[in-house]
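Good morning, colleagues. May I ask you to look at the model on the screen while I describe how parts of it are packed and paired?

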Amino acid sequence: MPPRQRTPEGPPPAPAVQKLRVKYARRGRLRFSSTRDFGRALERALRRAEVPMAFSAGFHPHPKISYANGAPTGTASEAEYFEISVTERVDADAVRAALDAALPDGLDVLEVVEAAPGALADRLEASAWEVVFRQTALADLEAAVDAYLDAAEAPVSRMFKTGMKTFDTRSAVVTMSAAAAADPSCAILRMVVRHTTPSVRPDDILTALRAVTALAPPVPPLVTRLAQGPLHDATAGVADPLAADKAAAGS
C-alpha cells in the first residue's frame, strides 16, 4: 500500500483579501540589525498592532510577508520595503501608525499603501546613497571621485555562497559626486547605483575607491540609503516606487 499522505490538522488558513506595501527607515544603532533580526521584530510588532496577517498553509504556517532588496547590515536606510497580505481589509494609515508605535525606536514606518497590480521588486531599479567620510578633506574625496569616474573598470572580489567572485563596480554607478559637509572635518559622497546581478553594494564601491585612488579614511564612513526605486535615465534620479500604488488608490 502506498504511504498515507499526512495533512495538517484544523481548518485551512483564511484567504488574503488585501496586500499592503510598507516603506520603513532603519536608523541609528538599528542599522546593525540583519534581515532576520528585523523579521523577528516585525512579526512581534504586527501581533501587538493587531494586524490581521495572512498565513501560508501547511504544517509550519508563516506570515505572508516578502522583503524587497534590503540594505546591507551596518548601513542606515530611509527607503526599505516589504509587502504583507492580510485577511481583512484595513486602513493603510491606521496600520502605519499602529505598526510604527509597536516597532522599536530606529525602525520607523514611513508609509503604508495598498498594493496595486505589478511587482514591487520590478520597480526597484536603483538606489541613491549618501556616504559621510569623517576626518577626510573634501579635496581628497573630490580627487578620488574624479579618478574613479575616469576608470573604465573598477573590479572588486567578494565571497558568495558559490565561492569568490570578481565583478566590476564602475558600470553600476550612474552618478557620483563629492560635497562639503556641515562639519569641515567631513566630506560627503553621493551616488546613484543601478541594481545589478551580482548586486554592487556601497562597501564594494568603497573598496574599489581605495584600490583605484588609494583613498583610506581613518575611520569607517557612515553609509545611508536615501531612496530606491525606478531609475530615470534622463535625470539620473530615483523615483518613488509606490507612486503607482498611490495613484491607483486615488483613482
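Let me begin with Leu189, which touches Trp129, Glu130, Val131, Phe133, Leu141, Val145, Met176, Ser177, Leu206 and Leu209, leaving aside residues up to four places away in sequence; contact here means heavy atoms within 4.5 Å. This is a predicted model, in which local features need pLDDT of at least 70 and side-chain atom pairs count only at pLDDT 80 or more, while totals for chains, interfaces and linings use all residues. Residues are numbered from 1 along each chain as its sequence is written, and side-chain values use heavy atoms, with hydrogens and water left out.

Leu189 is among the residues with the most contacts inside the largest nonpolar core, together with Tyr148, Met176, Met191 and Ile205; this core has 25 residues. By nonpolar core I mean a set of buried Ala, Val, Leu, Ile, Met, Phe, Trp, Tyr and Cys residues joined through side-chain atoms within 4.5 Å. Buried stands for under 20% relative accessible area, exposed for over 50%, and partly exposed for what lies in between, with a 1.4 Å probe and protein chains only. Two or more residues each come from strand 5 (126–134), helix 4 (138–150), strand 8, strand 9 (186–194) and helix 5 (202–213). Helices (H or I, at least four residues) and strands (E, at least two) are DSSP runs, numbered from the N terminus. Another core, of 24 residues, lies apart from it and includes Phe38 and Leu107.

I turn to helix 4. Its buried residues are Leu141, Ala144, Val145 and Tyr148. Seen down the helix axis, they fall within an arc of 100°, so they line one face of helix 4; the arc is that of the directions from the axis to the C-beta atoms. These buried residues pack against strand 5, strand 8, strand 9 and helix 5. On the other side of helix 4, Ala139 and Asp150 are exposed.

Next, Thr169, in the loop between strand 7 (163–168) and strand 8 (173–180). Is Thr169 buried or exposed? Thr169 is buried, with a relative accessible area of 0%. Tyr148 and Ile205 are among the residues that Thr169 touches.

Finally, the strands, which pair if DSSP finds at least two bridges between them. Strand 10 (residues 222–229) pairs with strand 3 (residues 76–86) in the parallel sense over 2 bridges. With strand 5, strand 10 pairs in the antiparallel sense over 7 bridges.
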